[in-house]
Number of protein chains: 2
Amino acid sequence: MRAGRSETLRRTGRVRPADGRIRDASVRLFAQKGFQGTGIREIAAEAGVTTAALYHYVDTKEELLLDIMYGVLDPLAAAARRIVNEVDRPEARLSALVEHHVWFHATNQLATVVTDTEIRSLGSEVRADVIARRDVYEAIWRSVVADGVADGTFRVDDPRITAIAILQMCTGVAHWYRPTGPLTLTRLSRRYADLVLSMVRAARGGVPVRADTLELPSPARGLDAHV
Amino acid sequence: MRAGRSETLRRTGRVRPADGRIRDASVRLFAQKGFQGTGIREIAAEAGVTTAALYHYVDTKEELLLDIMYGVLDPLAAAARRIVNEVDRPEARLSALVEHHVWFHATNQLATVVTDTEIRSLGSEVRADVIARRDVYEAIWRSVVADGVADGTFRVDDPRITAIAILQMCTGVAHWYRPTGPLTLTRLSRRYADLVLSMVRAARGGVPVRADTLELPSPARGLDAHV
DNA sequence: CATAACCTACCGACCGATCGGGAAGTCGGC
DNA sequence: GCCGACTTCCCGATCGGTCGGTAGGTTATG
């Protein structure tokens with residue numbers, strides 16, 4: 001009749017191994033309240049174990065965060081490699097990259113949000129490793145964009161900036177997507193792929209139209225004076 | 001000969017009012033370590049005051065975060081309103097919105113990153129207010145995109161999704177921009193505006209090209225089972 | 001002599017992590 | 001088939017330390 005365990009029983013309907021419950025609880029809580037904002041007592045209670053039991057399965061709180069991030073970054077990189085291996089033309093490659101990235105971020109919202117926002121909470125040694133894996137993934141996107149520019153199907157000013165811009169746009173899906181929305185996930189992914197392709201395609205519109213005369217206010221409040 | 005103050009003296013070269021130093025320190029630290037990951041003792045030390053002196057200028061730690069966010073959201077909304085008032089055609093409006101947004105996020109990196117990532121750290125009452133102000137800003141973008149679709153200059157499937165996607169792409173600049181880069185800020189802002197316009201312009205390329213046959217792996221590790 | 005600008009000293013609560021121990025199971029040896 | 005050794009899983013209790021915040025007094029400024 002322990003409160004934590006019965007809570008879990010009520011929610012999941014059955015008793016799952018404590019290890020998996022701890023992992024699930026940590027993703028949920030890290031996504032909702034942040035890594036630093038989540039206490040190990042909260043994780044333990046949500047998983048239906050004591051803090052001592054939690055430390056039977058886990059060495060440190062940071063390990064939980066690291067597991068989440070590897071569980072995002074490694075499958076992403078693996079999928080990107082498969083796409084590059086099995087798809088030929090830059091257009092189709094980029095389209096497939098976008099569709100998978102969006103689909104993955106929509107079906108793993110909690111874990112991808114945590115991976116995206118909590119890198120700063122890692123100790124410096126593991127942080128370097130996580131950043132390196134993220135850079136591997138970004139490098140694949142960058143090379144796909146650059147290949148498209150090289151063979152003339154894409155026209156962009158700077159492949160590096162464009163690749164980052166595209167990636168951040170697609171990653172953003174994890175922050176707003178709700179499965180109850182009107183669009184199926186497949187259709188949403190394709191819309192993003194269409195947006196991206198129309199952004200980089202060589203056949204672009206006319207001269208940019210701007211409002212050059214408009215003067216806008218300076219940065220607010222003197223914040224960031226030291227940037 | 002107190003360590004905190006002399007530290008500040010060494011870095012800034014002169015003694016500024018403690019109030020501003022506290023605000024500056026909080027932006028820097030919140031951006032670097034997160035709101036929850038930053039202690040009031042750290043803020044005080046970085047600003048060169050004691051914790052008690054800090055609370056002479058500030059009621060709560062949350063107030064520091066809230067000030068940063070209002071200092072970002074209010075100028076952004078004000079600029080967006082000015083743009084809509086003073087610029088006519090949807091193309092020029094969207095271009096101006098993008099250029100200003102990118103410029104603002106590059107010149108206020110720390111504050112915009114904090115605003116973007118720490119909403120969850122706010123208490124529920126003030127959080128609702130912050131989200132409301134952010135929604136006001138997003139609504140302006142959405143209406144500009146919708147106006148362009150209505151008069152035929154833009155062609156997008158869903159103005160709401162498109163506006164969010166554009167916004168997230170441009171906001172991302174705050175996460176990677178370094179003033180030492182090869183591009184001037186003005187040119188960078190224009191490149192983003194060009195990217196966005198080519199994304200939404202009615203004159204779009206041919207049929208989307210995809211790799212429909214590719215099957216990709218399922219979400220990793222069973223994370224997010226409860227999404 | 002009032003007010004702003006700070007100080008030293010300290011509060012209770014909570015932090016991540018660990019302690020020794022015990023219940024329940026797994027295993028080979030005889 | 002039974003015993004002792006070992007492992008897995010998990011407990012209540014508690015560690016030293018840090019958290020956000022404060023009480024009450026002192027110093028500088030107008």
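Start by selecting DNA strand C: 15 residues surround it, and the closest are Gly39(A), Lys61(A), Thr50(B), Ala52(B) and Ala53(B). A residue counts as near a strand if its C-beta atom, placed from the backbone, lies within 6 Å of it. Bear in mind that this is a predicted model, where local features need pLDDT of at least 70, side-chain atom pairs count only at pLDDT 80 or more, and totals for chains, interfaces and linings use all residues. Residues are numbered from 1 along each chain as its sequence is written, while chains are lettered from A and ligands numbered from 1 in the order in which they are written.

Now colour by helix (a DSSP run of H or I, at least four residues, numbered from the N terminus).

Next, hop to DNA strand D. Of the 15 residues around it, Thr50(A), Ala52(A), Ala53(A), Gly39(B) and Lys61(B) come nearest. Two or more residues each come from H4 of chain A and from helix H3 (40-47) and H4 of chain B. H4(A) gives the most, with 4 residues.

Buried takes 20 or more other C-beta atoms within 10 Å of a residue's own, all placed from the backbone. Among its 126 residues, select Ile68(A), Tyr192(A), Val196(A), Ile68(B), Tyr192(B) and Val196(B), which touch the most other members.

Technical notes. Core = buried A, V, L, I, M, F, W, Y, C linked by C-beta atoms within 7 Å. Buried ≥ 20, exposed ≤ 12 C-beta atoms within 10 Å, placed from the backbone.
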